[in-house]
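Hi everyone, thanks for coming. Let me put the structure up, and then we can walk through it together.

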Amino acid sequence: MDGLAFAAFLVAWAAYHHLMEGEWAERRSFNRRMDLFRLEWMQRMLARENRIVDAQIVAALQNGTAFFASTSLLAIGGTLAILQSADAVMAIFLDLPFVTSNRSNWELKTLGLTLIFANAFFKFAWAYRLFNYTTILLGSTPPPAEAGSAHAHAHVLKVARMATLAGRHFNRGQRSFFFAIAYLGWYVNAWAFMAATTAIFIVMTNRQFGRDAHWVLDDGDSDPLAMSRNAGIHRDNEPDAS
């Protein structure tokens, strides 16, 4: 049952990744629709003489990413501390109903949780670096006097792509955090693990595709899929640099 529950966890994670970043999500995912506004932001930035506000926005995004990267390191430290105090922690959990585990299984589960948080750290750290690159590209944007040139429009597309890539890796880091919550169910038993995985998958999917998320962006006069393709800010086969 433990093997089946872990396999279901991996399948759910892979399926959600495909839902978020596959071609099917291009007109439906809330994250992918927000990428269009990154492009619109950069197009408006090109027409501004003073771009201090734009730099502050990128800095705010970078600071938020740094916070999550630091939190990932704290979480890694917490899981390693649990490994060191396995006997004391197991004594607490074994008093709960339906909990069945031994020391070796407990340690393996905790190592798996450590790897999830390590993955989150790498995603957030790379997103932080990408936001730094976005700031550099933002600073090298041509002046408004050259806004009509082909070079300026090509540069705006580069900045939007870099910001989109940074946001994509940030989302991957948060995804690790969310699935780590589902992973905690494994400390109870395999059934709780599968139930927590299913619940997290449903909640996250509803947030991305549910009406509550999309009504803010709907205006009834645009085709998000066509706009995204014409903008060229998505590249589904881009390598995972982390």
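Before anything else, a word on residue classes: Ala, Val, Leu, Ile, Met, Phe, Trp, Tyr, Cys and Pro count as nonpolar, Asp, Glu, Lys and Arg as charged, and the others, Gly among them, as polar. Please keep in mind that this is a predicted model, where local features need pLDDT of at least 70 and side-chain atom pairs count only at pLDDT 80 or more, while totals for chains, interfaces and linings use all residues. Residues are numbered from 1 along each chain as its sequence is written, and side-chain values use heavy atoms, with hydrogens and water left out.

On a 1 Å grid over the protein atoms alone, a pocket is an open set of points with protein on both sides within 12 Å along at least five of seven lines, whereas a cavity is a set where a 1.4 Å probe fits but cannot get out; lining residues have an atom within 4 Å of a point. Grid points are joined across faces, edges and corners, and a volume is the space filled by probe spheres set on the points.

The largest pocket holds about 510 Å³. Its lining has 20 residues, and nearest the centre are Asn31, Gly167, Phe170, Asn171 and Gln174. By class, that lining splits into 10 nonpolar, 7 polar and 3 charged residues. Helices here are DSSP runs (H or I, at least four residues), numbered from the N terminus. Helix α6 gives the largest share of the pocket lining, 6 residues.

Helix α3 (residues 52-84) packs with α6 (residues 150-183) at about 35°, their axes 11 Å apart. Taking contact as heavy atoms within 4.5 Å, Gly64, Thr65, Phe68, Thr71 and Ser72 of α3 meet Phe170, Gln174 and Phe177 of α6. This contact has 3 nonpolar, 5 polar and no charged residues.

On to α7 (190-209). The axes of α6 and α7 come within 7 Å and cross at roughly 145°. Residues that meet there include Phe178, Phe179 and Tyr183 in α6, and Phe193, Ile200 and Met204 in α7. By class, the α6 and α7 contact has 9 nonpolar, 1 polar and 1 charged residues.

Last stop, the rings. Rings of Phe, Tyr and Trp (its six-membered ring) pair if their centres lie within 6.5 Å; planes under 30 degrees apart count as stacked, over 60 as edge-to-face and the rest as tilted. There are 21 aromatic pairs in the whole structure. One of them, Phe9 with Tyr183, is edge-to-face, at 5.7 Å centre to centre and 65° between the planes. Because Phe9 lies in helix α1 and Tyr183 in helix α6, this pair ties together parts 174 residues apart in sequence.

Key: Axes fitted to C-alpha atoms, helices over the stretch in contact; angles between N-to-C directions. Helix = DSSP H or I, 4+ residues; strand = E, 2+ residues; numbered from the N terminus.
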